[in-house]
Every structure is written in C-alpha cells, then in structure tokens.
Amino acid sequence: MNRSEVIETLREDAPGALAELWRRADEVRRTGVGDDVHLRGLVEISNHCVRGCAYCGLRAGNGKLRRYRLGEREILSAAEEAVRLGYGTIVMQAGEDYGIEAGWFSGVIERIKGETPLAVTLSLGERGADELAMWRQSGADRYLLRFETSNRELYDRIHPGLKGRPSDRMAILGMLRDLGYETGSGVMIGIPGQTYDDLADDIMAFGELELDMVGVGPWIANVDTPLGKG
C-alpha cells in the first residue's frame, strides 16, 4: 500500500470491508511464525526512570511511586522460573534507569545466556552506543524501543527531552539493527492530537525501519501524570 491507501484503510468503517486485509495479515503471520504460541517471560527489573514523560507513571517527577531495582540474584531467579515454566525468552524491562550500570548488567546477561537456554530481550529505553554494543556482545538477542509516534511535534509534547541529550529513537533503532539485534518498536494509538495522517506515517515507518517486531497499544495516561489528571 502507498500512504494514501493506508489512510483510506485506516478510515474504513464498513462491516466486512477489511476481511481481505485480515486474511492477508493472517497468511503473513502463519508464514512467518506458524501456529505455535511463543511464551515470553516479562521481568520488570526496575521502575526508576530519569525521564519526565507527561503520561507515564514511571516519570521521574512521580513522588507517589514506590521505587525498586532488582539485584542479580533476583533476576537470575526469575530466569530460572521462566525455564521451569517452559518459556523460551526472558524480557528484561525497566524505565530509563542509569542505576542499571552497563558493565554489571552485561554480567547478568552473560550468566543468563550461559546458565539457561533462554533468548534475552531488553527494553531499557535510550542507552548509549557503547552500552548497547556491550549488551549485544554479552549475548542479548533482541531490543525493544517504541518510537511512540512519528510526528515529532507530538512526540516532544508527551516526551520532554533531557537537557543536553536530544532524543532520536529512529536513529537508535537503526543502530540496534546494525549491532545485530532483532529489533522491535511500536506506537500508541489515541494520543491527544494524533491524526490518521500521523498513524499512516507510523505504519510507513515500520517498513522503513525493517523491524522484526511491532507493538501497537492504546494511549492510557497514568492518573499521577500531567496528562492523566484531566
């Protein structure tokens, strides 16, 4: 589809009009991954975050949140439990937490890869090139980083930048791919001010980024955030 066709499809609301699209999507799914269900063990290793995103409950300014950060033994225990339950992948997720020191975490990855058969997926926000390369060399297989919206003005409104550190998730996704990660990203739907044109641009970006995984979720602002209080 070209961009105009994508917009037309997004606006379609006639019952049954998208049946052929669903059929084609299911065919791609079956060809790509078959009919098996692949289990991923999601472990939230920290809820600290340096960011001040206007909708996310982990934002640095949320003083109501009780913060935690898992240690190596706790993470390894979760990995062992994932193996026991038959999971094939452990997904380690956190806010953008620089208390997760890169060298220490590299050792955790190496232990998981050396002591279990699990694939390792990371979702730790925007990290430096050296850190991402180190984790890849330690055995991390996949990295998830949502760009949330391809509309830069909309992105900046909900994701205030850090002083002296511009956010360019598109560039980071390209770097992750170059490092050899299987790369995943995605967007939110329903962001205040978002348009069908924005969503069409998001969909076109999925293809341009050559993503291995795409996640799409609804806009839900936490009640203890600037955009969740109205």
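## Around helix H5

Helix H5 spans residues 129–137, and what covers its buried residues includes helix H4 (102–115), strand E3 (119–123), strand E4 (142–144) and helix H7 (169–178). Those buried residues are Glu131, Leu132, Ala133 and Trp135. Here, buried means under 20% relative accessible area, exposed means over 50%, and partly exposed is in between (1.4 Å probe, protein chains only). Helices (H or I, at least four residues) and strands (E, at least two) are DSSP runs, numbered from the N terminus. After H5 comes Gly139, with a positive phi near 120°.

This is a predicted model, where local features need pLDDT of at least 70 and side-chain atom pairs count only at pLDDT 80 or more, while totals for chains, interfaces and linings use all residues. Residues are numbered from 1 along each chain as its sequence is written, and side-chain values use heavy atoms, leaving out hydrogens and water.

## A serine in H4

Now look at Ser106 in helix H4. Ser106 has a relative accessible area of 6%, so it counts as buried. Beyond its neighbours within four places in sequence, Ser106 is in contact (heavy atoms within 4.5 Å) with Met134, Trp135 and Ser138.

## Salt bridges

The whole structure holds 24 salt bridges, each a side-chain nitrogen of Lys or Arg within 4 Å of a carboxyl oxygen of Asp or Glu. In helix H2 (residues 19–33), Asp26 and Arg29 sit three residues apart, and their closest N and O atoms are 2.6 Å apart. Asp26 also forms a salt bridge with Arg30, at 3.3 Å. Asp26 is partly exposed, at 31% relative accessibility.

Finally, a network of salt bridges links Arg51, Glu96, Glu126, Arg165 and Arg169.
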